[in-house]
Amino acid sequence: MIIAVILILVIIIILLMVYNMSIHKKIQNFNNLNQKITNLNILQDFMDTISKNDTVEEKINQINNIIIERYQIKYSTIVVYDGTKYIVKASNVDQKHWDTLSNLQSEDMFKESIQTSIPKYITVEGENERLPYQKMEFARAKCAMFFPLYIDNVYIGYWLLEGSKPHEFDKVDTTILEVIRNNIVAILKTIENQKIIESMVRNDKFSALKTSEYLYGDGRKIIDKYTTSTVCLFRITNLEEINEDISRKTGDMVITKVCEVVKSHISNEYIFVRYMGPKFAIVFSGIEKEAVAGFMEQIKEQVEAIEIEPVDVEFEDGEEVLAKPRINIIISTYYKGTALEGVLKKLEEYLDNADKNENKINEL
């Protein structure tokens, strides 16, 4: 009888162990699934940040804040080489420490990590110790993880995590951090194109307008406040003729006068840029095509009433020569979130292929 009871208890214990193992496995699977969902949500946050009409610096800071908040990390710093020096692109560490944080590539303890692309983890043992790279601080960080960043196998900087307690990152899942590092690299690579565009914006000498690159940076922030806008591209159709038959300086004066007339009639909410050569773009933010067509009819009349005397060129006595600009106009609708450059390209193709004598308002 006792043996039978013991056997029953053993069987019950075995069944409970199997059940507990099953429950543990399910919990582990659930945690893994939950972590995957969390990672996907964070990745979605990253993608949403990239799609915003913010500057490169604003986007990098937002990404760093997402990392800090969602992974509950004490300190996070992203340092990138800008071509001349390493600079802190994003950090929640007090700015007085940025000089130290932007020179970690020079520290011997991190050089092997940079060469091998393997993260480096360092920590102190006691509260009164400090990390080797810390020069003037004691209480802030007690451990750190250093992740070198590469784009196409080229070292471009690093991501530094810091904790406020010794051994705080001992049990951190580094595979998750590797995923975050890869996302940081992907995002830096993506927004590098935006940075290039932002740096290319110039003020045109003769029109006093910004160049077309402005449309895809700061200008887009204004345009995308509205669901739909009207894009207008116009061309001074006889500018080349004025340059050749009168003088180049006269042609430059034509550009100046035409732009002065247009600028004097449009709101600051409308983006007016020199698109390329004799072509100019206006984006009427939040305005319907029908209203723009009527407005541009008035602009066209005033522009084509301009008469400019020759500049730095003389003609035979009695010969009256005046430069009179003619413009050809094409307009279309732009929808927020779509390719603005695609709309402008279609308008440009139309103007480039139109008859040189055409100077009216068309719609696409």
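**Thr250.** I looked up the side-chain contact between Thr250 and Ser247 and found a polar contact of 2.6 Å. The model is a predicted one. I placed Thr250 in helix α8, which spans residues 248–263. I then checked its accessibility: Thr250 has a relative accessible area of 0% and is therefore buried. Leaving aside residues up to four places away in sequence, I noted that Thr250 touches Ile242, Ile308, Glu309, Pro310, Val311 and Ala323.

**Salt bridges.** I examined several of them.

**Lys111 and Asp108.** I found the closest N and O atoms of this salt bridge 3.3 Å apart. Lys111 and Asp108 are three residues apart in helix α4 (residues 108–116), so about one helical turn separates them. I recorded Lys111 as partly exposed at 37% relative accessibility, and Asp108 as exposed at 62%.

**Glu178 and Arg181.** I recorded an N to O distance of 2.7 Å for the salt bridge between these side chains. Both residues belong to helix α5 (residues 174–200), where they lie three residues apart, about one turn of the helix. I noted Glu178 as partly exposed, at 23% relative accessible area, whereas Arg181 is buried at 7%.

**Arg235 and Asp352.** I found a salt bridge here with its closest N and O atoms 3.1 Å apart. The pair links distant parts of the chain, 117 residues apart: Arg235 is in strand β7 (residues 228–236) and Asp352 in helix α10 (residues 340–353). Arg235 counts as buried at 18% relative accessibility, because the cut-off for buried is under 20%. I recorded Asp352 as partly exposed at 39%. I also traced a network of salt bridges that links Arg235, Glu240, Lys279, Lys345, Glu348 and Asp352.

Terms used
Residues are numbered from 1 along each chain as its sequence is written. This is a predicted model: local features need pLDDT of at least 70, side-chain atom pairs count only at pLDDT 80 or more; totals for chains, interfaces and linings use all residues. Side-chain values use heavy atoms; hydrogens and water are left out. Helices (H or I, at least four residues) and strands (E, at least two) are DSSP runs, numbered from the N terminus. Buried means under 20% relative accessible area, exposed over 50%, partly exposed in between (1.4 Å probe, protein chains only). A polar contact is a pair of N or O atoms within 3.5 Å; within protein, one must be able to donate a hydrogen and the other to accept it, and residues adjacent in sequence count only if both atoms are side-chain atoms. Contact means heavy atoms within 4.5 Å. A salt bridge is a side-chain nitrogen of Lys or Arg within 4 Å of a carboxyl oxygen of Asp or Glu.
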